[in-house]
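Here are my notes for your reading of the model. Please keep the sequence and the structure open beside them as you go.

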Amino acid sequence: MKNYELRSNGPEETYAVAKRLGTLLNEGDVILLEGDLGAGKTTFTKGLALGLDIKKTVNSPTFTIIKEYAGRIPLYHMDVYRVQDSAEDLGFDEYFYGDGVTVIEWAHLIEDQLPDEKLAIYLYHQGDDERKLILKPSGTRYEALCEELLNEHISD
């Protein structure tokens, strides 16, 4: 599959890209967030939540591992940084194949449990505020999502 790249000139732009992606998501979609520490994974999730019509404040589930939010589609926000054993059964399948959108920070730590079809988004520092976002779709659904997101981003 083809990779896609976007540039963000600050947190507001990262947030806006994520919000737009949130409007395009459906039940069962799985988004992986990887990249530099402090590059905006939680900011990205906050924008995504707004695109899903979630009104509650979103924050990192670092210590709880999973937080759920109600919206147009439920959001399951996971931060698996502190998961000790990737084979530990935390019921991830129920989320991945459930009725919501799953967003996973540090997803590489549970790679063996992830579904085959998903969208991985890598956020990298490119200076103080600028970020490089690399989108790596796995599956035709996610490739089409990237195309739609990129086409709209370019036309803005």
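The points below take up the nonpolar core and then the salt bridges.

1. Basis of the note. This is a predicted model, in which local features need pLDDT of at least 70 and side-chain atom pairs count only at pLDDT 80 or more, while totals for chains, interfaces and linings use all residues. Residues are numbered from 1 along each chain as its sequence is written, and side-chain values use heavy atoms, with hydrogens and water left out.

2. The core. The largest nonpolar core holds 46 residues, the term standing for a set of buried Ala, Val, Leu, Ile, Met, Phe, Trp, Tyr and Cys residues joined through side-chain atoms within 4.5 Å. Buried here means under 20% relative accessible area, exposed over 50%, and partly exposed in between, with a 1.4 Å probe and protein chains only. Leu-21, Phe-44, Ile-104, Ile-121 and Leu-135 have the most contacts inside this core. Its largest share, 5 residues, is supplied by helix α4 (residues 140-155); helices (H or I, at least four residues) and strands (E, at least two) are DSSP runs numbered from the N terminus.

3. Ile-104. If its neighbours within four places in sequence are left aside, Ile-104 is in contact with residues including Val-30, Ile-31, Leu-32 and Leu-33, as well as Met-78, Val-80 and Phe-96, where contact means heavy atoms within 4.5 Å.

4. Because Arg-20 belongs to helix α1 (residues 11-24) and Glu-148 to helix α4, the pair ties together parts that are 128 residues apart in sequence.

5. Which residue forms a salt bridge with Asp-29? The partner is Arg-141, with the closest N and O atoms 2.6 Å apart. Asp-29 lies in the loop between α1 and β2 (30-35) and Arg-141 in helix α4, so this pair ties together parts that are 112 residues apart in sequence. Asp-29 counts as buried, at 3% relative accessibility, whereas Arg-141 is partly exposed, with a relative accessible area of 27%.

6. A network. Salt bridges with shared partners join Glu-5, Arg-7 and Glu-130 into one network. Within it, Arg-7 forms a salt bridge with Glu-5, and their closest N and O atoms are 3.2 Å apart. Arg-7 is partly exposed at 35% relative accessibility, and Glu-5 is partly exposed at 41%.

Definitions and conventions. Salt bridge = Lys/Arg side-chain N within 4 Å of Asp/Glu carboxyl O.
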